[in-house]
Structures are given as structure tokens and as C-alpha cells.
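Please prepare a short briefing on the structure shown below.

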Amino acid sequence: AKMSKGGPVTRFAHGPYENDGKTVLCYSPDGRHIITGGADNFVRVFDASKIDSQLREIDHRETAVTAIAIAEQGDTFVTGGADNVAALFKWDSCEYEGNATRAQTSVHDVVFNPSGAFLAVACDDGHIRHVCPATNDATILKGHTDAVLHLAYDPRGKFLASSSADGNFRIWDMSGAGECVLTTPHGYGKHSEHPSAPTWHPGEGRQLAVPGPRGVKLLERNSWQVSSTVGGGAQCLCAFSSSGQYLAVSGIDFNLLVWDLHKNQDIAKFKSSSLLSSLAWSPTHNSLAFARLDGHIAVWDKVVPEHMPHPVLATHAEAKKLDALDAVDGEDEDALEAALNAAIGDADADPSDLPTAKTSAKPVAKSALPRRRLQQGMGEDGEDDVDDMEGLESKEAKEAPPPPLEN
């Protein structure tokens, strides 16, 4: 592994193609492992705290691995590939469980809904396959006229965002038959080689971040109006920290920036030697992982300066929001919105007044913010059924790391 002074630790993870080594990654929900896939057809598992340590290798795939995602419950992960298949694996044994679906064309992205009961698959033919792995039932969302490149599920389970090579991104209402409620250009035009990967604000999904040629636009939930723009220049990837205060963005200039959304300024910057193809915050630590088109992966530890609010610790305002959500009927979206609006009076407090990594505030993983809605099953309006889950600390205590890769 190589380390840039004060920056990420990098290592080569997937080959063999020097200029066509698209690599994808995601964190395990406990933050202890990074799961990767690449052009060499392999899926690999690394120790997130020491990426020199490769723990597992899966050679089930017969073609390049182009997409990867893990259910927030931490029991299943899925890969997508050029063989048109979305394949399911058990976590953390990495045992192959079967195919979730077989598309007509190659798969570009995969994403679970918050409950883990459904899986959305982005296909090269412009279709989105919305699948229930338990029953193999599938709904085809049609509307894009070119390859669907990226997907993002709303943390509350109602909306699905998609971005396509047809020049548009769409928002689909998944509470019913998957009606498209918004179609608008992402800015890169048709057949552009630059992707635009949208992502939702964690917790209640009150904003959707959409990268484009003039920065990252933040769209307000339901109205879909642009409330602000982060950064400038042509951006392709973005990811919210689990606290929602920071947004990591990466673009065609190879720069990776971390923005403090409270102060509207960048707080960290790294110049990559290749275009980034995947980006993810650790759900439990002050770390940011990314993958590059040349087959390398990296972990940027202590990416947020220690004197600033921790990217994982819940702020007082976030805790109030969660309390507000718990106090109302989870299937009444209007009541949820009203409760949230009443609870966020101090959401714009100065960051220096918020908990930092040195306080006694309890760590909350990215997957823990919407954890109360993660049990299987959907309400009639598309919101996930509410059920409590174990806390992050007790879960980590029960889980043991997977055994080392056997030769």
C-alpha cells in the first residue's frame, strides 16, 4: 500500500486492465470491512482499518464486476456484472446464494431498498428492474432511453433516483407501481462518458444530491427544487457522511473534495491520479473510501479534521429529528414532515456547538439512522414497516471477523 502524506492509503485491488479497470466498493454495515469488485471478475474483501490485509476472494463471477451493494441489515450483498446478472451472496461467509435477477443487458448499478426486501438493478438497455429476491417477482421501470448508470434509494424507502446516459435523471415513486414523478437533465447531455451518480441525504432523505457539470445540486424532497449548489466544475460522484454535515464530491479533474455543508466550504482535498469510480463513507469511523478506474482502492482516514464535528456522531438536531419520527405514525408522510419541521429549529446551529469525536455522544452508523425502518415489508404508501433493531455497539460485539483467505 502507498500513502500520500496526510492523505489516503492506496493499493492495487483489481486488474488486469490498466485503462479499463473500473472498480466498485462498499463498506460492511459495521464499518470493519470493504467489499470490492473489478474488471478482473473477482470480488474481494479487505480489512477497512488495514487495506493491505485481504481477507476473502470470490471468483464466482465470470465477467467484470460493475456494481456492488450490501443490505443495511448486513446479511446479504449483491454484485452486478457484464453477464447481465445480479448475484446474491451471504455476508460475511461470502457464500453464493443465487441470482436475484437476470437482465437482458449488462448491469451498471445495484441498490437495496432500506428494508432489504427489494433490489433495484440498473441495466444497459435503459430499464430498471425492481426485484423482490425472496419471491423473484420483478417490476420493470421504463422511461430512460439509454443505459441507466446509477441508482439511489431514498432512506425512507419511498423514492428511487436514477441517472442515465440519455442525459436525464429521474425520480420514481416506489410506493405504488413505480410512477416517474420527475424527469430533468443532469447536465452532461446524451451519450456523455461522464456519469452523474445521485445520493440522498441520510436519515429522512430530505435532500437529493445530483452531480453535474457545474457542481452538485441539492434538491429538496417532494418539491424537487434546487436549494443550493455545492462546489463547482464538473462533478460525477458524491456521498453524504452519516451525520449529513459533510458531502464528498469527485469530478473529471480527478479532485476529491470534502465539503462542510454548514459552512459551505471545502475542508479537505486530495488529487487522484485517475478518475474515481466509487465513493463511500465509513458508517462507523472518520474515514472515506474510494475506488479508481485503474483498479486501485484507497482509504482516507481522519478525513475530517479532529477539531470539527465527527462525520458519524449524531448531532443534537439529528437526535431530535429521530425522536420526532418515532413519535408519529410511520405511514403518514405529512405527519412525518410536520414533526420534522417542528423538530429542527436548531438544525442550523454553529458546528462548534455540536458534538465532536471527543464528546460522549453515542456513535451512530449511517445504516443506523434509518434502522427503525429496516425490517422487511412495505407499508401501503411505500414507507417501510417500523421495527426496532439492535444497536451498533451490541452488534459489533457479537460479530467476529471472517477467517483469513485460505491458500
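Which residue in the turn between strand 4 and strand 5 has a positive phi? Asn 41 does, with a phi of about 80°, in a hairpin that has 5 residues between the two strands. This is a predicted model, in which local features need pLDDT of at least 70, side-chain atom pairs count only at pLDDT 80 or more, and totals for chains, interfaces and linings use all residues. Residues are numbered from 1 along each chain as its sequence is written, and side-chain values use heavy atoms, with hydrogens and water left out.

**Overall make-up**

- The protein chain has 3 helices and 29 strands; helices (H or I, at least four residues) and strands (E, at least two) are DSSP runs, numbered from the N terminus.
- Of its 407 residues, 58% count as buried, where buried means under 20% relative accessible area, exposed means over 50%, and partly exposed lies in between (1.4 Å probe, protein chains only).
- The chain exposes about 16,700 Å², of which carbon and sulfur atoms supply 47%; accessible areas come from the Shrake-Rupley method with a 1.4 Å probe, and for residues only the protein chains shown count as cover.
- Among contacts (heavy atoms within 4.5 Å) between residues at least 6 apart in sequence, 49% join residues at least 24 apart.

- Strand 4 (residues 33-37) is largely enclosed by the rest of the structure, because 5 of its 5 residues are buried.
- Burial applies to both of its faces: His 33, Ile 35 and Gly 37 lie on one side, and Ile 34 and Thr 36 on the other.
- Strand 3 (residues 24-27) runs antiparallel to strand 4 and is joined to it by 4 bridges; two strands pair if DSSP finds at least two bridges between them.
- Val 24 stands opposite Gly 37 of strand 4.
- Strands 3 and 4 form a hairpin with 5 residues between them, and Gly 31 in that turn has a positive phi of about 75°.
- Strand 5 (residues 43-47) is also antiparallel to strand 4, with 5 bridges between them, and its Asp 47 is the bridge partner of His 33.

**Two buried residues**

- Thr 79 lies in strand 8 (residues 76-81) and counts as buried because its relative accessibility is 0%.
- Leaving aside neighbours within four places in sequence, the contacts of Thr 79 include Val 43, Arg 61, Val 85 and Phe 89.
- Ile 128 belongs to strand 13 (residues 128-132) and is likewise buried, at 0% relative accessibility.
- Not counting residues up to four places away in sequence, Ile 128 touches several residues, among them Val 121, Ile 140, Leu 160 and Trp 172.
- The C-alpha atoms of Ile 128 and Ala 147 are 9.6 Å apart, and the two residues are 19 apart in sequence.

**Aromatic pairs**

- The whole structure holds 9 aromatic pairs; rings of Phe, Tyr and Trp (its six-membered ring) pair if their centres lie within 6.5 Å, with planes under 30 degrees apart counted as stacked, over 60 as edge-to-face and the rest as tilted.
- Phe 77 and Trp 91 form an edge-to-face pair, at 6.1 Å centre to centre and 75° between the planes.
- Phe 77 is in strand 8 and Trp 91 in the loop between strand 9 (85-90) and strand 10 (96-102), so the pair ties together parts that are 14 residues apart in sequence.
- Phe 77 is buried at 0% relative accessibility, and Trp 91 is buried with a relative accessible area of 11%.
- Phe 270 and Phe 290 form a tilted pair, at 6.0 Å centre to centre and 40° between the planes.
- That pair links distant parts of the chain, with Phe 270 in strand 26 (residues 265-271) and Phe 290 in strand 28 (residues 287-292), 20 residues apart.
- Both Phe 270 and Phe 290 are buried.
- One aromatic cluster is formed by Phe 77, Phe 89, Trp 91 and Tyr 96.

**Salt bridges**

- There are 7 salt bridges, each defined as a side-chain nitrogen of Lys or Arg within 4 Å of a carboxyl oxygen of Asp or Glu.
- Glu 57 and Arg 44 meet in one of these, at 2.8 Å from N to O.
- This pair links distant parts of the chain, with Glu 57 in strand 6 (residues 50-58) and Arg 44 in strand 5, 13 residues apart.
- Glu 57 is partly exposed at 36% relative accessible area, whereas Arg 44 is buried at 10%.
- Asp 294 and Arg 292 form a salt bridge at 2.8 Å, N to O; Asp 294 is buried at 9% relative accessibility, and Arg 292 is buried at 8%.
- Glu 306 and Lys 302 form a salt bridge at 3.8 Å, N to O; Glu 306 is partly exposed at 49% relative accessible area, and Lys 302 is exposed at 54%.
- Salt bridges with shared partners join Asp 40, Arg 44 and Glu 57 into one network.
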